2 protein chains.
Amino acid sequence: MKNIPYKIHLSEDEMPKKWHNVRSRMKELPPPIIHPGTGKPCTADDLSPIFCKDLVEQELNVTDEYIDIPEEISDFYKMYRPSPLIRAYSLEKKLQTPAKLYYKFEGTNTSGSHKLNSAAAQVYYAKKQGITSLTTETGAGQWGTALSMACAFFDIDLTVYMVKVSSEQKPYRKGVIETYGAKVVPSPSETTDVGRKILQDAPGTGGSLGCAISEAIETAVKTQNCRYVLGSVLNHVVLHQSIIGMETKIALEKYGIEPDIMIGCAGGGSNLGGFISPFMADKLDGKNNIRFIAAEPVSCPSLTRGRYALDFGDTGKTTPLLMMYTLGNGFIPSPNHAGGLRFHGMSPIISKLYHDGHLEAVALEQKSVFEAAIEFARCEGTLPAPESAHAVRVALDEAVKCKETGEEKTIVFGLSGTGYFDVAAYMAYNAGNLTDYIPTDEDLAKGFATLPQ
Amino acid sequence: MKNIPYKIHLSEDEMPKKWHNVRSRMKELPPPIIHPGTGKPCTADDLSPIFCKDLVEQELNVTDEYIDIPEEISDFYKMYRPSPLIRAYSLEKKLQTPAKLYYKFEGTNTSGSHKLNSAAAQVYYAKKQGITSLTTETGAGQWGTALSMACAFFDIDLTVYMVKVSSEQKPYRKGVIETYGAKVVPSPSETTDVGRKILQDAPGTGGSLGCAISEAIETAVKTQNCRYVLGSVLNHVVLHQSIIGMETKIALEKYGIEPDIMIGCAGGGSNLGGFISPFMADKLDGKNNIRFIAAEPVSCPSLTRGRYALDFGDTGKTTPLLMMYTLGNGFIPSPNHAGGLRFHGMSPIISKLYHDGHLEAVALEQKSVFEAAIEFARCEGTLPAPESAHAVRVALDEAVKCKETGEEKTIVFGLSGTGYFDVAAYMAYNAGNLTDYIPTDEDLAKGFATLPQ
């Protein structure tokens, strides 16, 4: 094995030129997207009024393992990618663990996270199709920021429906999105039918990703030459995020490093799905025996306590039906949950892999997540996004287990973003004001009652 | 010339192992630091009660061109360095300029700026000497953040005197510093004699770097086994920041790129000084003919409107005297100046180079600076720190001149940090609430009246 530097950084020549489509190597495919009216699988024609043509094609493509990254997107990636794969030597030393810890850090761009990888792709395809405006939702604000950056670059108008509680907790996220030229609407809002209905049913609600999605879709469908874009969950988003996994694989292979465990946080699942994509494909073929672990919050435990069922992606029940682990489209996590990872459902790809036992999941309390984040920050320098810190927590736990057993495992985790914009949450943690809300069985039952019958 | 990638990224092996000391190649040295009591040059003994031993040695070293970077600091650097040197292809295309634009981006670490380069060094030397606590000042918060990160890593206590107006404008900066375990005191404060005096003389003052420095020094001198550390201005800080210039030089030489113009923002001068250090040395020997440009704000125009004089580094007149361009230690820039770059003086090295005509300086209005920042952000993705955006403004102006003349100049500028923590300033700009305050001759006269006679 070569001497491993702190930062493994691919040259421009070494960067992947294709995305990876894990579905092409799954023996059992995730069930298709269902049209809620007909009960039949959605066709490209069904999806095209909402999504751009190329994205619909990617969404439905289960056969091609590799999809070429168009040159324009590739050039955009070159401005901030490759992201570094960092050996956490300092953390290993502090933990006195024989484990080898690596993290793939996606937070060095202004959006602060991996979200830019799919934003660039989705905006490019919209531009190519002649679309002039886009709508989307954002929760923690990472997706909205990323999309506003891509829209500024490709010169497309953007309206962002931002989960109201997030827009209040994170005024600076709103400020950044507006600086890039996009319009921000706190959701639920009075600007849509679905928003007005949600406000009527639950006045004073802090909103949810599910609500914001409904509003963004309604606006896209009602606006000429406008489309909706989504920052996670869907197959084409996982595809774009596979740039993370592809780079990681090239970097690890360059140094002869074989992971034993790979960990990612899971909200909608695109970060995790993209990170593990090419590794999971090899595992399905018996070419490796990596343990894949999804880290989610106890306050929104879609994998660990959800049901594998057909559900809408939004609270307004306007999207097609996805077969996924879900808490029910009516489930809204407690506002005292600080980080992102607030979506009721989960990527159908991740859901299927989990259902078939290829992936583990753990649910974490946020206090222990912030504790891990700060331990990491003080040692490795970088302050993680609270979302990403879920992966840090699991990595630390696994590294400590290695210390106990003496095993020299190689642990690779995704550090999907920075905590630059989450300082209010860290301040709340520092002040002892962060509490967890673990949904009761009754809370979950209420969510499940909103599942389509 | 080789094909130039978007990001030029040195491998760990290519990283500089030494800092560069430009003074060793200056035909005329900057005048020595003067002891205000004796009127004679300060000796190492004079400086040691305030600063760590190794830093004092570096401060007074005018002979060695290269100084070895200790392994512990080098390892710390490897966690976040080398920083990328980025070819601004997108910006060139948008401007339709024949100029070639490069920027060295120091903002990918959590402190968000170059400040970490000197913080790591200063804390390491303190630790080596057995110092158990440090004090410092911070203005915009970049230095305080960087120092808190380094102190967390090397396990040393830290108290940060933060310019009061900054601590109010940037609560999240305070939050980050505290998350890394340091104590933040808004300055002027009631915790020091000098703070109490300033509050008495100017109740309601927003503070200044000069005040905060006085308070930090007083606390350091009065506390056992404690030292003061400064984030800019001094020779040893410029030395540590030469890591930026050394990396830039290696990267440019690797691709056969020869700069025509190099631009950096100048507050205390360490970022600019470190960025140009090895290039300036060559220019002084006639080995290149690079134009070096310092970009400063009109609201704190130490180079363009200051006097070259002996002055204290702080408002409380407690530091040794530095020969530098200064607005007078009593000068406090208007609170409606949004960015950093609020120091009344300027690095003695930069001052001497400017005085001898080796360096140009321009003063910029903040509205035009934010305009440039946003043009840059929408095109290159990265949102610059307002400080760094001063360099962006000059780079854009020079690139537009090239468009007019058809000259294919190579322009390399320092993007010393990100605007992650400056969103409030961007929001003020977006809302049309940013105004400039250009000091009147009378304002300047008041500042000059505080110069020592």
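**Exercise 1. Find the order of the strands in the four-stranded open sheet of chain A, and say which strands stand at its edges.**

Solution. In this predicted model, the four strands of the open sheet in chain A follow the order S8-S7-S6-S9, and their pairing is parallel. Here a strand is a DSSP run (E) of at least two residues, a helix is a run (H or I) of at least four residues, both are numbered from the N terminus, and two strands pair if DSSP finds at least two bridges between them. The next step is to look at the ends of that order: strand S8 (183-187) and strand S9 (226-228) of chain A each have a single partner strand, so one side of each is left without a neighbour in the sheet. Neighbouring strands of this sheet are turned by 20° against each other on average, direction ignored.

Residues are numbered from 1 along each chain as its sequence is written, and chains are lettered from A and ligands numbered from 1 in the order in which they are written. As the model is predicted, local features need pLDDT of at least 70 and side-chain atom pairs count only at pLDDT 80 or more, while totals for chains, interfaces and linings use all residues; side-chain values use heavy atoms, with hydrogens and water left out.

**Exercise 2. Work out how many bridges join strands S6 and S7 of chain A, and which residue is the bridge partner of A:Glu137.**

Solution. Strand S6 (residues 133-138) and strand S7 (residues 157-163) of chain A pair in the parallel sense, and six bridges lie between them. Within S7(A), A:Tyr161 is the bridge partner of A:Glu137. Helix H6(A) packs on this sheet and touches S6 and S7 of chain A, where contact means heavy atoms within 4.5 Å. The direction of H6(A) makes about 160° with that of S6(A), given that axes are lines fitted to C-alpha atoms, for helices over the stretch in contact, and that angles run from 0 to 180 degrees between N-to-C directions.

**Exercise 3. Describe the seven-stranded sheet of chain A and name its edge strands.**

Solution. The seven strands form an open sheet with mixed pairing, in the order S1-S4-S5-S15-S10-S11-S14. Its edge strands are S1 and strand S14 (360-364) of chain A, each of which pairs on one side only. Strand S11 (residues 291-297) runs parallel to S14(A) and is joined to it by five bridges, and in S14(A) the bridge partner of A:Ile293 is A:Glu360.

**Exercise 4. Explain why H3(A) is largely enclosed by the rest of the structure.**

Solution. Seven of the ten residues of H3(A) are buried, so the helix is largely enclosed; the buried residues include A:Ile73, A:Phe76 and A:Tyr80.

Terms used:
Buried means under 20% relative accessible area, exposed over 50%, partly exposed in between (1.4 Å probe, protein chains only).
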